[in-house]
Amino acid sequence: SAASDVYKRQNMDREEFIRYLTEEKNASYNTCRAYERDVEHFAVFLNKRDVGDLYHAVNADVVSYLMELKNLGRSKSTVNRKLASIRTYYGFLQKTQGLKENPAENIRSPKIAKKNIDFLEPSEIETLMGLPDDSEKGMRDRAILELLYATGIRAGEIISMETADLNLRMGFVTCAGENIRARIIPVGRMARNALEIYMEQARPRLIRNNEDENHLFVNFQGKPITRQGLWKILKEYGRRANLGISLTPQTIRNSFAVHMLQNGADIKSLQELMGHEDISATQVYLAFTKNRIKDVYDRAHPRA
């Protein structure tokens with residue numbers, strides 16, 4: 001039937017689209033999945049409007065879709081990403097299927113106000129890491145702080161991490177994250193040292209009444225630390241360090257990202273390390289590296 005032909009064609013297009021993103025756009029797995037989901041979401045919208053398949057969409061359909069997203073309260077960055085996905089998809093159809101016009105071509109993306117993000121200076125990180133003592137709690141807390149800063153992982157990722165996810169010999173952690181594909185994140189020397197001490201000296205004592213526990217970080221009952229427990233730990237050290245801003249898992253994650261970029265990391269590698277599906281989420285950190293780049297230029301250029 002005509003309907004099944006359309007379904008087959010769209011499925012074939014989807015596979016070719018993923019290949020196109022991977023081979024021609026050098027897109028990561030996460031970006032491919034995000035673009036695919038965005039196009040599918042747009043196809044559902046078109047179906048509700050009785051437009052038919054994606055081939056029959058016109059400029060007004062894309063504008064109506066973006067207006068619906070806005071009315072649903074979607075953020076400007078989300079709307080921008082979905083528009084970029086749709087525009088890229090139709091560019092792909094123009095290139096491979098001979099589609100004449102891209103219905104998303106001349107639609108302007110919503111302007112996003114620059115967000116201020118909280119992050120720590122390297123000297124503040126040094127102060128923070130020196131606060132935990134050599135008690136069982138201190139060894140655990142230092143390992144938490146060091147691992148958060150070494151990897152930039154999220155709160156949910158560190159509290160769900162298990163001992164099997166840790167490979168201290170090779171120096172990496174496996175993080176399942178919020179996406180389907182796990183990511184492998186290197187762990188630096190300072191964090192490895194803190195984790196080794198925690199694993200050898202503190203954790204066995206903390207789980208002495210609950211030796212079957214697999215979660216990496218545990219409380220004094222030998223049970224996994226909770227999200228609230230993690231926030232409480234960080235709040236206490238933030239207060240003791242007199243940081244002037246609230247110390248949260250996101251603050252440390254921001255610090256990881258900004259310091260990586262300031263020290264020469266490329267944006268694509270940072271996107272992979274942080275587990276961002278779309279690179280626009282990683283690019284917000286670039287604004288905080290410009291002053292550092294200007295300093296480098298001023299020092300390095302003979303006529304600066």
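# Notebook: loops, helix pairs and rings

**Entry 1. A loop residue.** I began with Asn-242, which I found in the loop between H9 and helix H10 (249-262). The model I am reading is predicted. Is Asn-242 buried or exposed? Asn-242 has a relative accessible area of 69%, so I noted it as exposed; the cut-off for that word is over 50%. I also looked up its backbone: Asn-242 has a positive phi of about 50°, although it is not a glycine.

**Entry 2. The chain as a whole.** I then stepped back to the totals. How many helices and strands does the chain have? I wrote down 13 helices and three strands. The chain has 304 residues, and 42% of them count as buried. I also looked at contacts with a separation of 6 or more; residues 24 or more positions apart account for 58% of these in the chain.

**Entry 3. Another loop residue.** Thr-226 sits in the loop between helix H8 (189-206) and H9. Its relative accessibility is 41%, so I put Thr-226 down as partly exposed. I compared two distances for Thr-226 and Ser-160. They are 66 residues apart in sequence, and in space their C-alpha atoms are 9.0 Å apart.

**Entry 4. H6 and H9.** Next I took up H9 itself, which spans residues 227-240. Helix H6 (residues 136-151) packs with H9 at an angle of about 90°, and the two axes are 11 Å apart. That angle makes H6 roughly perpendicular to H9. Which residues make the contact? From H6 I listed Lys-137, Gly-138, Arg-140, Asp-141, Ile-144, Leu-145 and Leu-148. From H9 I listed Leu-230, Ile-233, Leu-234 and Tyr-237. I sorted the residues of this contact by type and got seven nonpolar, one polar and three charged.

**Entry 5. H10 and H11.** I moved along to H10 and its packing with helix H11 (residues 267-274). The angle between H10 and H11 is about 155°, and their axes lie 10 Å apart. H10 and H11 are therefore roughly antiparallel to each other; the label applies to angles over 145 degrees. Their crossing is right-handed. On the H10 side, the contact is made by Arg-253, Phe-256, Ala-257, Met-260 and Leu-261. On the H11 side, Ile-267, Leu-270, Leu-273 and Met-274 take part. By type, the contact of H10 with H11 has eight nonpolar residues, no polar ones and one charged.

**Entry 6. A strand residue.** Leu-273 came up again when I looked up the contacts of Ile-185. Ile-185 lies in strand S3 (residues 183-186). Its relative accessible area is 0%, so I recorded Ile-185 as buried. What does Ile-185 contact, leaving aside its neighbours within four places in sequence? My list reads Thr-151, Ile-153, Gly-171, Phe-172, Val-173, Cys-175 and Leu-273. For one of these, Cys-175, I looked up the spacing: Ile-185 and Cys-175 are 10 residues apart in sequence and 7.4 Å apart from C-alpha to C-alpha.

**Entry 7. H3 and H4.** Helix H3 (residues 59-71) packs with H4 at an angle of about 155°, with 10 Å between the axes. That makes H3 roughly antiparallel to H4. The crossing of H3 and H4 is right-handed. Where they meet, H3 supplies Val-62, Tyr-65, Leu-66 and Leu-69, while H4 supplies Val-79, Lys-82, Leu-83 and Ile-86. I counted seven nonpolar residues, no polar ones and one charged in the contact of H3 with H4.

**Entry 8. Rings.** Last, I searched the whole structure for aromatic pairs and found nine. One of them is Phe-17 with Tyr-89, an edge-to-face pair with 5.0 Å from centre to centre and 90° between the planes. Why does this pair tie together separate parts of the chain? Phe-17 lies in helix H1 (residues 2-23) and Tyr-89 in helix H4 (residues 76-97), so the parts that it joins are 72 residues apart in sequence. I checked how accessible each partner is. Phe-17 is buried, with a relative accessible area of 1%, and Tyr-89 also counts as buried, at 3%. Ring pairs link both into a cluster with Tyr-20, Tyr-90 and Phe-92.

Note on methods:
Residues are numbered from 1 along each chain as its sequence is written. This is a predicted model: local features need pLDDT of at least 70, side-chain atom pairs count only at pLDDT 80 or more; totals for chains, interfaces and linings use all residues. Side-chain values use heavy atoms; hydrogens and water are left out. Rings of Phe, Tyr and Trp (its six-membered ring) pair if their centres lie within 6.5 Å; planes under 30 degrees apart count as stacked, over 60 as edge-to-face and the rest as tilted. Helices (H or I, at least four residues) and strands (E, at least two) are DSSP runs, numbered from the N terminus. Buried means under 20% relative accessible area, exposed over 50%, partly exposed in between (1.4 Å probe, protein chains only). Axes are lines fitted to C-alpha atoms, for helices over the stretch in contact, and angles run from 0 to 180 degrees between N-to-C directions. Angles under 35 degrees count as roughly parallel, over 145 as roughly antiparallel, 65 to 115 as roughly perpendicular and the rest as oblique. A crossing is left-handed if the near helix is turned anticlockwise from the far one by less than a right angle, and right-handed if clockwise. Contact means heavy atoms within 4.5 Å. Ala, Val, Leu, Ile, Met, Phe, Trp, Tyr, Cys and Pro count as nonpolar, Asp, Glu, Lys and Arg as charged, and the others, Gly among them, as polar.
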